[in-house]
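Reader: I have this chain open on my screen and would like to walk through it with you. Could we take it piece by piece, beginning with a helix?

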Amino acid sequence: SGASLRYSTGTGGEGSEGEGAGLGSSDSGGSGFSLAATALPERRRPGSGRPRYEVVRELGAEEVRWFYREDRKTWKPFIGYDSLRIELAFRALGGSGAGEPAAVEPVCVRSGLYEVDVASAESYPVYWNQTEKIPVMRGQWFIDGTWQPLEEEESNLIEQEHLNRFKGQQLQESFDMEISKPVDGKEAIHSLKLSRNHVDWHSVDEVYLYSDATTSKIARTVTQKLGFSKASSSGTRLHRGYVEEATLEDKPPQTSHIVFVVHGIGQKMDQGRIIKNTAMMRDTARKVEEKYFSNLATHVEFLPVEWRSKLTLDGDTVDSITPDKVRGLRDMLNSSAMDIMYYTSPLYRDELVKGLQQELNRLYSLFCSRNPEFEEKGGKVSIVSHSLGCVITYDIMTGWNPVRLYEQLLQKEEEELEESWMSYEERRLLEELYITKQRLREIEERLHELKACTISKPPVLKFKVENFFCMGSPLAVFLALRGIRPGTSGSQDHILPRSICNRLLNIFHPTDPVAYRLEPLILKHYSNISPVQIHWYNTANPLPYEHMKPSFLNPSKEATSAPESESASAAPSPTTSPVMVRRHYGESITNIGKASILGAASIGKGLGGMLFSRFGRSSATPQTMETGKDGSEGDEKKATTVGTPPLPHSSSGFLEPTVELEHRIDFELREGLVESRYWSAVTSHTAYWSSLDIALFLLTFMYKQDQEETDKSNLDTL
């Protein structure tokens with residue numbers, strides 16, 4: 001059974017001819033089994049013009065197709081590259097799967113995300129934990145039309161019977177066979193009884209499966225009395241060997257970019273959610289890749305980062321103090337919103353940060369160990385974070401911690417003390433305290449230097465972050481409450497240095513109550529500039545994002561009573577609506593999300609009375625966004641009030657040249673055509689994962705960077 005033939009499939013075209021023949025042991029995934037080319041007659045699939053005198057023999061490895069089944073759905077075929085290597089491992093095991101499990105190593109499949117244990121006929125993920133194993137099955141006989149495999153037990157019996165009865169016999173040419181005698185006029189030349197079915201052979205390759213259920217027997221009797229033949233009336237035609245032969249060339253492209261997908265709150269409530277959400281994002285990205293990036297030889301891989309379930313935090317203390325009334329609602333809040341409370345707690349914050357940091361580093365190290373060429377070829381890493389995950393990821397990258405804020409407060413208190421009146425004794429003690437603190441700092445610095453000489457501190461993350469995509473992110477609120485105020489440079493470095501992360505992009509739905517804008521924290525007047533509208537997935541020839549001019553938000557048109565029909569001139573999409581004039585989306589519902597985040601983020605900081613408008617529109621905005629003490633007076637005077645345009649603008653609505661951001665950061669999804677804004681405010685925070693618009697947006701930026709670097713290297717070579 002180790003020998004193979006050179007085939008050409010009816011569907012594979014010229015490129016598939018002979019692909020399975022030259023497979024050596026080096027391509028077999030360590031199974032020690034190889035396919036060797038032989039001088040046997042060539043065979044083709046039905047419909048491709050089979051040679052006249054072909055001999056029935058055992059199925060070649062290319063004709064067998066392996067399948068997997070997830071979530072109890074239909075069986076899905078592995079691609080040819082995966083199926084062929086699984087089959088080689090299966091044959092190396094002895095052909096029955098009954099050999100020693102350790103004799104064959106697991107086979108890496110599905111772009112390296114899963115492994116198949118041939119002995120147990122199960123598949124499992126490599127990078128995350130999953131309670132349910134994924135069954136795999138070896139397909140030999142297939143149902144006509146759907147090409148779904150017969151169950152393995154029945155398939156084995158049919159295959160054994162077929163070889164016992166017909167092995168070595170010659171097959172007639174299919175054209176002659178069909179003309180000479182129609183199938184309706186044939187009787188079975190051989191039959192096999194199964195537990196609930198039976199199989200009839202009307203010729204060597206015309207095989208039909210019949211159900212032996214009572215209803216099927218009645219149907220067969222009626223149809224036969226009406227003059228229909230048994231073969232065509234109630235049987236299901238079977239095919240031996242898959243419709244498409246497996247080849248090593250049918251393999252996924254190499255991964256040039258990995259994306260770590262970080263969840264926010266609520267993972268404790270549903271521990272498998274981030275795995276499902278990442279799978280949705282991955283599947284959506286695959287569709288986009290096939291449509292827009294199929295000419296590229298690389299692809300982007302998405303890996304879920306599940307950091308919450310391994311943390312112990314307070315154990316069950318919070319559960320023990322939770323009242324029993326409306327327990328379901330309380331448990332839901334404990335499993336979701338409580339994560340924000342944990343993160344603002346100095347006791348548990350470090351545990352959350354370390355949990356995410358360690359998981360990111362573990363996944364990267366594991367991926368590189370399984371893909372050694374990734375780093376060699378300059379593979380890139382991006383992070384997509386959702387909700388609170390954006391804040392934790394940001395803090396890991398920048399190294400921010402509450403101690404830094406505490407030191408700033410102490411410095412401010414010292415400055416205020418110096419300016420206030422005090423007695424001679426108080427001043428003497430204060431000077432002595434300063435000298436002692438200075439001495440303590442010097443000792444600490446010397447100690448750190450000595451440690452640095454002996455132990456080199458590893459970086460917080462083992463990789464450089466190329467893009468940091470925030471989705472539905474409250475990061476801007478946390479930064480504002482930490483004292484970040486707008487500057488004058490227009491550089492991303494003001495909130496996230498380019499040396500740490502090349503590009504920061506903030507994606508949000510206009511009615512997401514948890515999402516906030518970042519651009520006004522860099523340049524204040526961007527609160528009156530519209531976020532960049534994300535293109536619809538089906539937009540023909542969209543304008544590149546870097547060529548889109550900033551447009552001014554006219555405050556006079558923001559009244560909530562503005563007519564619903566007002567819209568931009570963009571062509572509507574079947575699933576999304578034109579750009580609406582900016583207004584307060586679902587104000588009362590948005591304030592619920594606002595209040596919860598602001599309340600939790602300001603615990604212990606004495607900022608309970610601070611109010612932020614959703615889009616920086618209320619009269620309180622200029623006061624809350626004032627620059628700090630070190631800001632220049634000139635900058636204060638330049639900042640305009642909300643009622644007046646902060647920048648000169650033309651009648652077209654586009655801004656005249658002035659201070660602008662180096663790169664746009666805020667990107668907004670377009671609203672749906674028929675969606676209710678109040679309902680959307682409830683659902684929009686979790687609506688990012690399956691969006692084709694977002695998938696295209698992410699891939700556009702990642703593939704564009706890769707293409708620019710390739711072009712640059714080509715120019716350097718020239």
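Author: Let us begin with helix α10, residues 349–370, which has 22 residues and reaches 32 Å from its first C-alpha to its last, close to the 32 Å expected at 1.5 Å a residue. Please keep in mind throughout that this is a predicted model.

Reader: Which residues of α10 are buried?

Author: In α10 the buried residues are Arg-349, Leu-352, Val-353, Gly-355, Leu-356, Glu-359, Leu-360, Asn-361, Leu-363, Tyr-364, Phe-367 and Cys-368.

Reader: Stepping back for a moment, how many helices and strands does the chain have, and what share of its residues counts as buried?

Author: The secondary structure comes to 20 helices and 24 strands, and 46% of the 718 residues of the chain count as buried. Among contacts between residues at least 6 apart in sequence, 73% join residues at least 24 apart. As for the surface, the chain exposes about 36600 Å², and carbon and sulfur atoms supply 54% of that area.

Reader: Now the sheets, please. In what order do the strands of the six-stranded open sheet run?

Author: The order in that open sheet is β7-β6-β11-β10-β9-β8, and the pairing is antiparallel. Strands β7 (76–77) and β8 stand at the edges with a single partner strand each, so one side of each is left without a neighbour in the sheet. Helix α1, residues 80–92, packs on this sheet, where it touches β6, β8, β9 and β11, and its direction makes about 165° with that of β8.

Reader: Is β11 mostly covered or mostly open?

Author: Strand β11, residues 134–139, is mostly covered, with five of its six residues buried. On one pairing, four bridges join β11 to the antiparallel strand β6, residues 65–68, and Tyr-68 stands opposite Val-136 of β11 there. Strand β10, residues 122–125, also runs antiparallel to β11 and is joined to it by two bridges, with Ser-123 having Ile-134 as its bridge partner in β11.

Reader: And what do β8 and β9 form?

Author: Strands β8 and β9 form a hairpin with four residues between them, and in the turn Arg-110 has a positive phi of about 55°.

Reader: What about β9 and β10, and which residue in the turn has a positive phi?

Author: Strands β9 and β10 form a hairpin as well, with four residues between them, and the residue in the turn with a positive phi, about 55°, is Ala-121. These two strands pair in the antiparallel sense over four bridges, and the bridge partner of Asp-117 in β10 is Glu-122.

Reader: Changing topic, what is the strand order in the five-stranded open sheet?

Author: Its strands are ordered β12-β17-β16-β15-β14, with antiparallel pairing. The edge strands are β12 (141–143) and β14 (190–193), each of which pairs on one side only. Neighbouring strands of this sheet are turned by 30° against each other on average, direction ignored.

Reader: How many bridges hold β14 and β15 in their pairing?

Author: Strand β14 and strand β15, residues 197–203, pair in the antiparallel sense over four bridges, and Lys-193 has His-198 as its bridge partner in β15. Helix α2, residues 152–166, packs on the sheet and touches β12, β14, β15 and β17 (236–240), while its direction makes about 150° with that of β14.

Reader: Which residues of α2 are buried, and where do they fall when seen down the axis?

Author: The buried residues of α2 are Glu-154, Ser-155, Ile-158, Glu-159, His-162, Leu-163 and Phe-166. Seen down the axis of α2, these buried residues fall within an arc of 160°, so they line one face of the helix. They pack against β12, β14, β15 and β17, whereas the face of α2 turned away from its buried side carries the exposed residues Glu-153 and Asn-164.

Reader: Lastly, which residue with a positive phi follows α2?

Author: That residue is Gly-168, whose positive phi is near 90°.

Conventions:
Residues are numbered from 1 along each chain as its sequence is written. This is a predicted model: local features need pLDDT of at least 70, side-chain atom pairs count only at pLDDT 80 or more; totals for chains, interfaces and linings use all residues. Side-chain values use heavy atoms; hydrogens and water are left out. Two strands pair if DSSP finds at least two bridges between them. Axes are lines fitted to C-alpha atoms, for helices over the stretch in contact, and angles run from 0 to 180 degrees between N-to-C directions. Contact means heavy atoms within 4.5 Å. Buried means under 20% relative accessible area, exposed over 50%, partly exposed in between (1.4 Å probe, protein chains only). The arc is that of the directions from the helix axis to the C-beta atoms. The expected span of a helix is 1.5 Å times one less than its number of residues. Accessible areas come from the Shrake-Rupley method with a 1.4 Å probe; for residues, only the protein chains shown count as cover.
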